[in-house]
Amino acid sequence: MIITRRAFTAALSLTGLAALAGLSPFHLIAEALADDVADVAKPQSLPDMALGPKDASVTITEYASMTCPHCAAFNDNVFPKIKAAYIDTNKIRYVFREFPLDIKAAAGSMLSRCIAKDDAAKYFAVTDLLFKQQADWVMKNTTETLTRIGKQAGLSQQQVESCLKDQALLDKIVADQKYASEVLKVNSTPTFFLNGEKIKGETSFEEFDKRIKALLKS
């Protein structure tokens, strides 16, 4: 996925729902461990946004697209339970990585990065807001709605515009997505890696709970 500035700007000016490629429902598929768990663990172009201790024995890495309805449902229904049970209690580390399936998803990810800067907690809070308001900023005028969200988070009009025109940031997001696609074989969202084991599709808290407990005991 190579996004040029011209295509990016043109897409943001469009109203209506962007094409959500590859978002049909996925059943839980647990695949073999990544060839090298270290391939999952190390950030690439952008620093990881993560919650929980760096030395945790269990790490969940999520690849998500900001326009993906299954990702939004996971964020609303499952992630808060994982956070309460395992992240807030310092038992696991949780990493969120961008895997935009369309131009609008890339814009949402860029805004999260610009608002949060290096503050992971703020990044997760903004990402949560974008997921909760997904229907608004995806289905309506994207630029206007993202600008409103950016201003609510403390950015000026100029800062939001500069963020959404930041080709260097966009290039890094695209490079990281390419790495995830080619090296980790991520091809849909959400995709999770639980200590290197790939889990595709929207997954229940009960399933995560069972797997996390088993890893914590081992």
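Reader: At what angle do helix 4 and helix 11 pack, and how far apart are their axes?

Author: Helix 4 (residues 79-87) and helix 11 (residues 205-217) pack at an angle of about 20°, and their axes are 10 Å apart. This is a predicted model, in which local features need pLDDT of at least 70 and side-chain atom pairs count only at pLDDT 80 or more, while totals for chains, interfaces and linings use all residues. Residues are numbered from 1 along each chain as its sequence is written, and side-chain values use heavy atoms, with hydrogens and water left out. Axes are lines fitted to C-alpha atoms, for helices over the stretch in contact, and angles run from 0 to 180 degrees between N-to-C directions.

Reader: What makes a stretch of chain a helix or a strand?

Author: Both are DSSP runs numbered from the N terminus: a helix is H or I with at least four residues, a strand is E with at least two. The chain has eleven helices and six strands.

Reader: Why are helix 4 and helix 11 called roughly parallel?

Author: Angles under 35 degrees count as roughly parallel, over 145 as roughly antiparallel, 65 to 115 as roughly perpendicular, and the rest as oblique. The angle here is about 20°, and therefore helix 4 and helix 11 are roughly parallel to each other. Helix 4 passes helix 11 in a right-handed crossing (right-handed if the near helix is turned clockwise from the far one by less than a right angle, left-handed if anticlockwise).

Reader: Which residues make that contact?

Author: K81, I82, A85 and Y86 of helix 4 and F205, F208, D209, I212, K213 and L216 of helix 11. Contact means heavy atoms within 4.5 Å. By class, the residues divide into seven nonpolar, no polar and three charged. Ala, Val, Leu, Ile, Met, Phe, Trp, Tyr, Cys and Pro count as nonpolar, Asp, Glu, Lys and Arg as charged, and the others, Gly among them, as polar.

Reader: What is the angle between helix 5 and helix 10, and what is that arrangement called?

Author: Helix 5 (residues 103-116) and helix 10 (residues 167-182) pack at about 115°, with axes 10 Å apart. That makes helix 5 roughly perpendicular to helix 10. The crossing of helix 5 past helix 10 is right-handed. In helix 5, A106, S109, M110, R113 and C114 meet L169, L170 and I173 of helix 10. This contact has six nonpolar, one polar and one charged residues.

Reader: How do you know whether T147 is buried or exposed?

Author: Buried means under 20% relative accessible area, exposed over 50%, and partly exposed in between (1.4 Å probe, protein chains only). T147 has a relative accessible area of 9%, so T147 is buried. T147 is found in helix 8 (residues 142-152), where the buried residues are T142, T145, L146, T147, I149 and G150. Leaving aside neighbours within four places in sequence, T147 is in contact with Q157 and V160.

Reader: What is the relative accessible area of Y123, and what does Y123 touch?

Author: Y123 has a relative accessible area of 0%, so Y123 is buried. Y123 lies in helix 6 (residues 120-132). Beyond neighbours within four places in sequence, Y123 is in contact with M49, F96, E98, S112, R113 and A116. The C-alpha atoms of Y123 and S112, eleven residues apart along the chain, are separated by 5.8 Å.

Reader: How much of the chain is buried?

Author: Buried residues make up 51% of the 218 residues in the chain.

Reader: Which bond joins T189 and P190?

Author: A cis peptide bond, with omega about -5°. P190 is in the loop between helix 10 and strand 5 (191-194).
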